[in-house]
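Thanks for sending this one over.

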Amino acid sequence: MTPATYFIEATYLLASVLFVLGLKAMSHPESARRGMFYAEAGMLAAIIGTLMHHEIVSYEWIIAGLVIGSVVGALMAIWVPMTAMPQRTALSHAFGAMAAALVGIAEYSIHGAGLGTFTLGALGFEVMLGSLTTTGSLIAAGKLQGVVRGTPIQFKGQQIFNLLLFSGTLASFIYLLLHPANAAAFYLMVGLATLFGVMLVIPIGSADMPVVMSLLNSYAGLAAAATGFVLSNSVLIIAGTLDGFSGLILSILMCKAMNRSITNVLFGGFGAVHAAGAEASGTMREISLDDAAVQLAYANRVIFVPGYGLATAQAQHAVRELAAQLEARGVTVKYGIHPVAGRMPGHMNVLLAEANVPYSELYEMEQINPEFPSTDVAVVIGANDVVNPDARDNPQSPIAGMPILEVDRAKSVIVLKRGQGRGFSGLENPLFFKPVTSMLYGDAKASLSQLTQAIQHAA
Amino acid sequence: MNPAVLIASLYVFVLAAFLGYQVISRVPPLLHTPLMSATNAISGISLIGSLVIAGAHYTRLSTILGFIAVTTATINVVGGFGITDRMLKMFQQRQAEKKAVSK
């Protein structure tokens, strides 16, 4: 080993340690930012180390790529609004996976059959995962941005087609392992995996995006780890695996939060066909703005339950102002956040943090549920399925068993809703018909600001 | 790759998986979005693979693929860390402000 190789390996070891320390610091909001500085330093060390690599003969393409990438990346980091965070993250998964796939394709185009069976096996995984994650993430980003239709896109024989596509991808991979020099098999594998990525995501509805995002996160990481196997590079394996497992853990958490299996999310096409849910009966009680304001103003404890409707109405700041107004009157205000309240894990927390809500007021589902019985008013803003008591009470409901925020146990519930329509899943929500519940119709942002004003005048 | 290297790599993979599970499980749901963008930025480490391909000039095709890979991986790294920091700053600042107000 040359001195340069020792230096490179030292930077990789340093980077691995710093990545782990960085993620460890993520366990608390106060230390998380410092942790990211560690991770950034680790990345910088690994890049500097790599630039010493003896195979590199010229730097013009490297510099061009680094400069263009940095400019685009920095612009994205500065300009992307927090509501668009899921799209940006999906796009980012696509970029990361694409880099891994392209490295794999380049390696094969250079070495071909000379790679050996083990390396070719790892390379196959790298390229397959990389390609399908690239297109899958692009479709996910398109759905989240509204460029691609958000509702499930389904056709007859879709599952059989997908199964054939998947088998075809694997078959060309196995054929490639047996005939490493057959470039056609390699490129067929790339093509099929690319198409499979598209087919995998189009039948999935927008409301299921938290799971899909986490899964794609996992695949992108595993593609990077597979690159590490191909290049026999430990820092790539470590970083890729950390990403892969982070995504996997999040997928499992998201599935639990919806009480569904990953296969059900991927192949269920939820949101397209609705099994007959029990029709809730009774009348919905409408409440006037002034009555709602009085109820809130004279409450002791209020819990806000935001759903994705809050974000679409851009009402994060409005809810914060209302909360501030209430707190000034001595009302205790908390927020109950369901794990799938946004379009990606933890999205709602970020949106509220951006609107100056201190994180100490944000409560997880398990923490806040025991508090509802002692709560005077629970305010549901743009949330539907995550507060549907049918999930708990009606075993026949399509969402039976899904953990919910038990707002119906509060002394009274005010539901802010655009109109009388149903939620994403298209299910009737018995919460709206309960005696404790009153409905406040209208745009969430406008309603919240008017409530704030009404309370201000009352004082 | 000879079998010994493959086995060493597998050890690294399995141990990293356990470590990842332990470390990531401790991240509160509050920070799951920054977590995802942070791990995403970290997986931009595939940049180091693409740097060599882009700079080594094996073939014209590999250089072009390497260049594109360097670009997309850099977008991932810079964009990912940038936006993670922007989010974490929000969580940190608001808390500091609140403490200041309550004092």
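Predicted model: local features only at pLDDT ≥ 70, side-chain atom pairs only at ≥ 80, totals over all residues.

1. Residues are numbered from 1 along each chain as its sequence is written, with chains lettered from A and ligands numbered from 1 in the order in which they are written.

2. Chain A has an open sheet of six strands in the order 3-2-1-4-5-6, with parallel pairing (strands are DSSP runs of E, at least two residues, and helices are runs of H or I, at least four, numbered from the N terminus; two strands pair if DSSP finds at least two bridges between them). Strand 3 (362–364) and strand 6 (437–441) of chain A each have a single partner strand, so one side of each lacks a neighbour in the sheet.

3. Strand 4 (residues 377–381) and strand 5 (residues 412–417) of chain A are joined by five bridges. A:Ala378 has A:Val413 as its bridge partner in strand 5 of chain A.

4. Helix 13 (residues 316–328) of chain A packs on the sheet, touching strand 1 (301–306), strand 2 (332–337) and strand 4 of chain A. Contact here puts C-beta atoms, placed from the backbone, within 7 Å.

5. A:Val305 is in contact with residues including A:Gly336, A:Ala378 and A:Leu405, leaving aside neighbours within four places in sequence.

Key:
Contact = placed C-beta atoms within 7 Å. Axes fitted to C-alpha atoms, helices over the stretch in contact; angles between N-to-C directions.
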